[in-house]
Amino acid sequence: MSLELKSVSVMRGKARILKDISGRLEPGQIVGLIGPNGTGKSTLVNAIATLYPFGGTIHWKGRPVKLGEIGYMPQQCHVRADISVTETVLLGRHEGLSWRVDNAMVDEAIGVLDEFGIGHLHSRSMNTLSGGQQQLVLLAQRLLRSPELLLLDEATSALDVRHQMQVFDRLRAYVDRTGALVVIAIHDLNLASRHTDTIMLLNGGYVAGLGSFNEVVCEEALRTVYGIEAELLRASNGQTVVLPLCAAAAH
């Protein structure tokens with residue numbers, strides 16, 4: 001049932017973005033892809049989704065990934081069509097839709113919207129929503145499909161702090177309920193510390209660490225990978241908090 005990456009490499013033009021990425025990601029968890037800008041997080045998400053050609057092998061449940069069988073949300077994902085929020089969410093079940101949609105399916109779609117705190121927007125047109133509101137609607141759409149593997153590229157980037165926490169709470173509930181694997185590229189290290197089970201730290205196209213946040217992220221890793229001096233503090237809830245201090249001295 002695992003997602004297996006073996007010697008995965010990706011070329012974009014003449015540049016090799018990913019270099020020999022290997023690892024096994026087990027279901028029933030949220031995996032965070034972290035690392036500096038340009039280190040290959042989005043490229044890896046797109047390669048797993050089969051949207052970029054790659055070398056090596058990527059297998060889900062023992063066979064190659066098929067995009068139609070997983071959930072995927074790209075970094076730039078906006079809807080400009082004059083379509084309602086409810087209709088947009090229902091497209092997550094597009095293979096089961098016909099000319100008539102029964103009330104139970106509509107109620108289920110609105111229920112998912114309620115879980116994200118945006119049920120009141122159900123009749124609004126998508127092209128009247130803010131970028132953050134659209135992001136929440138499209139996340140609800142992906143969850144309505146109930147994928148066993150969900151790939152998210154910076155899925156909380158346009159959200160305020162409250163909605164970021166709400167999204168991760170929903171993802172946690174979804175993983176706990178279904179045993180799915182969620183892989184999310186994420187910049188915010190403190191969100192990653194609080195909400196992920198496993199971290200894959202990328203640096204220069206390579207895997208610099210794979211394990212729990214506390215196993216992977218240390219002051220030396222922040223210095224060498226991110227180029228910053230930082231302190232790692234322990235919050236009252238036991239979470240590790242990254243406190244950046246300054247840019248690391250150049251060597």
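Axes are lines fitted to C-alpha atoms, for helices over the stretch in contact, and angles run from 0 to 180 degrees between N-to-C directions. Helices (H or I, at least four residues) and strands (E, at least two) are DSSP runs, numbered from the N terminus. This is a predicted model, in which local features need pLDDT of at least 70 and side-chain atom pairs count only at pLDDT 80 or more, while totals for chains, interfaces and linings use all residues. Residues are numbered from 1 along each chain as its sequence is written, and side-chain values use heavy atoms, with hydrogens and water left out.

**Helix pairs**

| Pair | Axis distance | Angle |
|---|---|---|
| α3 (residues 103-115) and α4 | within 9 Å | roughly 130° |
| α4 and α5 (residues 161-178) | 12 Å | about 0° |

Angles under 35 degrees count as roughly parallel, over 145 as roughly antiparallel, 65 to 115 as roughly perpendicular and the rest as oblique. The axes of α3 and α4 cross at roughly 130°, which means that α3 is oblique to α4. Contact means heavy atoms within 4.5 Å, and in this sense Glu108, Ala109, Val112 and Leu113 of α3 meet Val137, Ala140 and Leu144 of α4. Ala, Val, Leu, Ile, Met, Phe, Trp, Tyr, Cys and Pro count as nonpolar, Asp, Glu, Lys and Arg as charged, and the others, Gly among them, as polar; by these classes the contact of α3 with α4 has 6 nonpolar, no polar and 1 charged residues.

The axes of α4 and α5 lie 12 Å apart at an angle of about 0°, so α4 is roughly parallel to α5. Leu136, Leu139 and Leu143 of α4 make this contact with His163, Val167, Leu171 and Tyr174 of α5, and the residues divide into 6 nonpolar, 1 polar and no charged.

**The sheet**

Two strands pair if DSSP finds at least two bridges between them. An open sheet with mixed pairing is formed by 6 strands in the order β6-β7-β8-β3-β9-β10, and its edge strands, β6 (71-73) and β10 (206-211), each pair on one side only. Within the sheet, β3 (residues 29-34) pairs with β8 (residues 181-185) in the parallel sense over 5 bridges, and glycine 32 has isoleucine 184 of β8 as its bridge partner. Helix α4 (residues 131-144) lies across β6 and β7 (149-153), running at about 170° to β6.
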